[in-house]
Amino acid sequence: MGYVTRIVIIGGGPGGYEAALVAAQLGAEVTVVDCDGLGGASVLTDCVPSKTLIATAEVMTTFDSSYEELGIIVADDTPPLASSARVVGVDLGKVNRRVKRLALAQSHDIAASVTRAGVRVMRGRGRLEGCQTAEGTRCVVVEAADGTAERLTADAVLVATGGRPRELEDALPDGERILNWTQVYDLDELPAELVVVGSGVTGAEFAGAYQALGSHVTLVSSRDRVLPGEDPDAAAVLEDVFRRRGMNVMARSRAQSVKRVGDRVEVALADGRMISGTHCLMAVGAIPNSAGMGLEEAGVKLTESGHIKTDRVSRTSAPGVYAAGDVTGVFALASVAAMQGRIAMYHFLGDAVGPLDLKTVSSNVFTDPEIATVGYSQADVDAGRIEANAVKLPLLRNPRAKMQGIRDGFVKLFCRPGTGIVVGGVVVAPKASELIHPISIAVDNNLTVEQIANAFTVYPSLSGSVAEVARQLHNRKTAQGG
C-alpha cells in the first residue's frame, strides 16, 4: 500500500471544511481541528444567523412599505385615533431561538458531510510546534478543553481560524446592553433604542434589520457616508432609504467610548456630543485569530494587523503551511474562504488549479435593498486602474419593479471600450444577491454586453434590467464607432 498524504486543518469554517472535503476526495488522510463547531463563525455567529434575522426583517419591511400600495387590507383592533399604528410586530425571542436552531442544524449537517467523507474531526485548539522536519512534515499540537494534548504529524497544514469582533478599550461588550455581533442572538426583547457604532457592512446590515424589526436606530459613522467601501451610488441609495424609514444616520461622528448607565447606554462622540440608547451594538471591524498558534515561530509571516500573508494559491511563507479565510485578510467572505481552502488542497496534492482571482468575486450586502457587486468597481474606474464605460439604469423604469412597488435601486454595468467585454457590475435591489449571478458569469467568462443583451429574459422580470443596461452600453459603443 502506498504512502497516504496527511493533512491537518486548523479551523472548521468554510475555508477549513471545504478544504477537508477536497483533500479527502483526492485520497488524503484529513484531520480537522475545531473548537466551536463545524461551520465556524460563518455558520454559528455570523453569516447564517445574521441573514436569518435579516430574513425576518425583510418580511417586515416588505409588508410595512408596500401593503397599502398593493391594495392589501389588514383587519385589526386598532382604534381610529391610532389607525397609523403598526399592525405587524415581532417576537425577538422567538426569532433568535429560530436563528440559533438553524445555525446549529447547519453546523450538524456540515459535520455529517465531512465525517461521511472520511475526515477525522477533533474538538480542541490547534497550534504549530517547531519548524518543518527533515522529512518535510509539520507537528500540530491539539489541546482539548480538559487540558489534554495530542500531537499530530502532517505533510501539510491549513490554517483557517477566522476572526473575531474587534473591541475598543472604552467600549467593551457586556453581553446585555453593550453587544458585539455574536451576542445579539441572546436578546429576548427588541431593543427600543439601538445605537449601532460602525457603518461598514456589518453595521449597516444590523442597523437596517433592527430598524425594520421596530427598534429606533441611530447609526454612528466615522466616515462621510454609510458603506464607505461600496459603490458610492449604491451607498447613497441605501442611506436615503435608511433616513426615509426613520433611522438617525450620523456621518463624520467617531465614537470615543460607550458606558452602561443602569438600563441605558451612553455613547460619547469625539466632538463632545453624547448619544443615549437602551442598547449599543459595536460593529467596528474584526481581528484575525492568529495569536498563540506558534505561527511566527514556525516561519509564517504576519502583517502588522496579525493577518497571515499568503500568495494566490494560499501558501504562506512557511513550507507546507497554507492559510485560508478571514485570518488571511484577503476578503471577509465565506465564498472566498472556501475557494482559498480548496485551492490550497488542489495545489498541495498536485491537482490542476488556477490561482485566486479576486476580480471575479461577487459579494452582497444584505440590507434592504441589497447591494451586490462583482468585478471592477466605480472606484477602480475613477482611480484609473481600468478604462471602462458605465451605464446605470434605475429600477423605477422596470415594469416588474412597478408591479411590486419597488422604488429604490438600480443596475449598473462596466464594460471595456471597444471590445464591450463586461468587467464589473452593481445591483441595488431586493434579492440583488440573486440578480448579480448573470453579471458574475459574464465577468468570469469575458462575455460582451452584446452577448448579455441578446440573451432572452423573462418579461416582466427584474433581470430584464440587466439586459437593458447591456443594450444601452452596446448602443453607446456602436454609436461611438467601437
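Predicted model: local features only at pLDDT ≥ 70, side-chain atom pairs only at ≥ 80, totals over all residues.

Which residues does UniProt list for "domain: Pyridine nucleotide-disulphide oxidoreductase dimerisation"?

Mentor: The UniProt record, an unreviewed entry, gives residues 362-468 for that domain. The charged end of Lys-392 sits over the ring of Phe-410, 5.1 Å from its centre. Likewise, Lys-359 places its charged end over the ring of Tyr-376, at 4.6 Å from the ring centre.

Now to rings that meet other rings. A pair of aromatic rings is described by the distance of the centres and the angle of the planes. The count comes to two aromatic pairs. Phe-206 and Tyr-210 are stacked, with 6.3 Å centre to centre and 25° between the planes. Because they are four residues apart in helix H5 (residues 201-213), about one helical turn separates Phe-206 and Tyr-210. Both Phe-206 and Tyr-210 are buried.

The other pair, Tyr-322 and Phe-348, is edge-to-face: 6.1 Å centre to centre, with 80° between the planes. This pair links distant parts of the chain, 26 residues apart, with Tyr-322 in strand E18 (residues 321-323) and Phe-348 in helix H7 (residues 334-348). Tyr-322 has 4% relative accessibility and so counts as buried, whereas Phe-348, at 28%, counts as partly exposed.

Key
Residues numbered from 1 in each chain as written. Heavy atoms only, no water. UniProt positions renumbered as here; feature names shortened; annotations may be inferred. Phe/Tyr/Trp six-rings, centres within 6.5 Å; stacked < 30°, edge-to-face > 60°. Helix = DSSP H or I, 4+ residues; strand = E, 2+ residues; numbered from the N terminus. Buried < 20%, exposed > 50% of the residue type's maximum accessible area, 1.4 Å probe, protein only. Lys NZ or Arg CZ within 6 Å of the ring centre and 35° of its normal.
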